[in-house]
Amino acid sequence: MTGLGWIIATLAIVVLLIAAVGILRLPDALSRQHAATKAATLSISLFLLALLIIATASDWGWDWLFRLLAILVILLITLPLASHALARAAVQEQGKSR
């Protein structure tokens with residue numbers, strides 16, 4: 001069971017690396033922000049899922065499971081809000097420069 005967790009963790013790292021390449025290669029702020037937030041949210045979710053699987057298989061205890069679920073819920077709430085705020089700021093900055 002822990003092997004599945006490590007496979008998912010490796011997949012999360014690959015997705016995060018793809019997001020990093022997207023941030024470096026995309027042309028404008030909105031495209032870079034999109035690549036960063038969408039892929040980072042998926043990557044963090046996959047990594048926390050992998051940790052949940054590893055924690056369950058390794059018998060870390062229920063407190064770890066609740067902590068990991070709390071982190072996932074907080075990130076799924078805050079990441080889209082931060083993404084929206086950054087996109088709005090970028091659009092307003094583009095409007096000022098014209």
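A crossing of two helices is left-handed if the near helix is turned anticlockwise from the far one by less than a right angle, and right-handed if it is turned clockwise. Helices here are DSSP runs of H or I with at least four residues, numbered from the N terminus. By that rule, H1 passes H2 in a left-handed crossing.

This is a predicted model, in which local features need pLDDT of at least 70, side-chain atom pairs count only at pLDDT 80 or more, and totals for chains, interfaces and linings use all residues. Residues are numbered from 1 along each chain as its sequence is written, and side-chain values use heavy atoms, with hydrogens and water left out.

**Confidence**

The predictor's confidence in each residue is its pLDDT, from 0 to 100. The chain has a mean of 86, and 98% of its residues reach 70 or more. Helix H1 has the highest confidence, at 92, and helix H3 (residues 62-97) the lowest, at a mean of 84. Where pLDDT is low, the predicted coordinates should not be read in detail.

**Two helices in contact**

Helix H1 covers residues 2-25 and helix H2 covers residues 29-58. Their axes come within 8 Å and cross at roughly 165 degrees. H1 is therefore roughly antiparallel to H2 (an angle over 145 degrees). The axes are lines fitted to C-alpha atoms over the stretch in contact, and angles run from 0 to 180 degrees between N-to-C directions. The contact of H1 with H2 has 22 nonpolar residues, five polar and one charged. Nonpolar means Ala, Val, Leu, Ile, Met, Phe, Trp, Tyr, Cys or Pro; charged means Asp, Glu, Lys or Arg; the others, Gly among them, are polar.

Leu51 is found in H2. Leu51 and Ile8 are 43 residues apart in sequence, yet their C-alpha atoms are 9.0 Å apart in space.

**The loop and an aromatic pair**

Asp59 sits in the loop between H2 and H3. Asp59 is not a glycine, but its phi is positive, at about 60 degrees.

The structure holds two aromatic pairs (ring centres within 6.5 Å). One of them joins Trp60 and Trp64, 5.6 Å centre to centre. Their planes are 65 degrees apart, so the pair is edge-to-face (over 60 degrees).

**Accessibility**

Buried means under 20% relative accessible area, exposed over 50%, and partly exposed in between, with a 1.4 Å probe and protein chains only.

| Residue | Relative accessibility | Class |
|---|---|---|
| Leu51 | 22% | partly exposed |
| Asp59 | 66% | exposed |
| Trp60 | 37% | partly exposed |
| Trp64 | 37% | partly exposed |

Methods
Parallel < 35°, antiparallel > 145°, perpendicular 65-115°, else oblique. Phe/Tyr/Trp six-rings, centres within 6.5 Å; stacked < 30°, edge-to-face > 60°.
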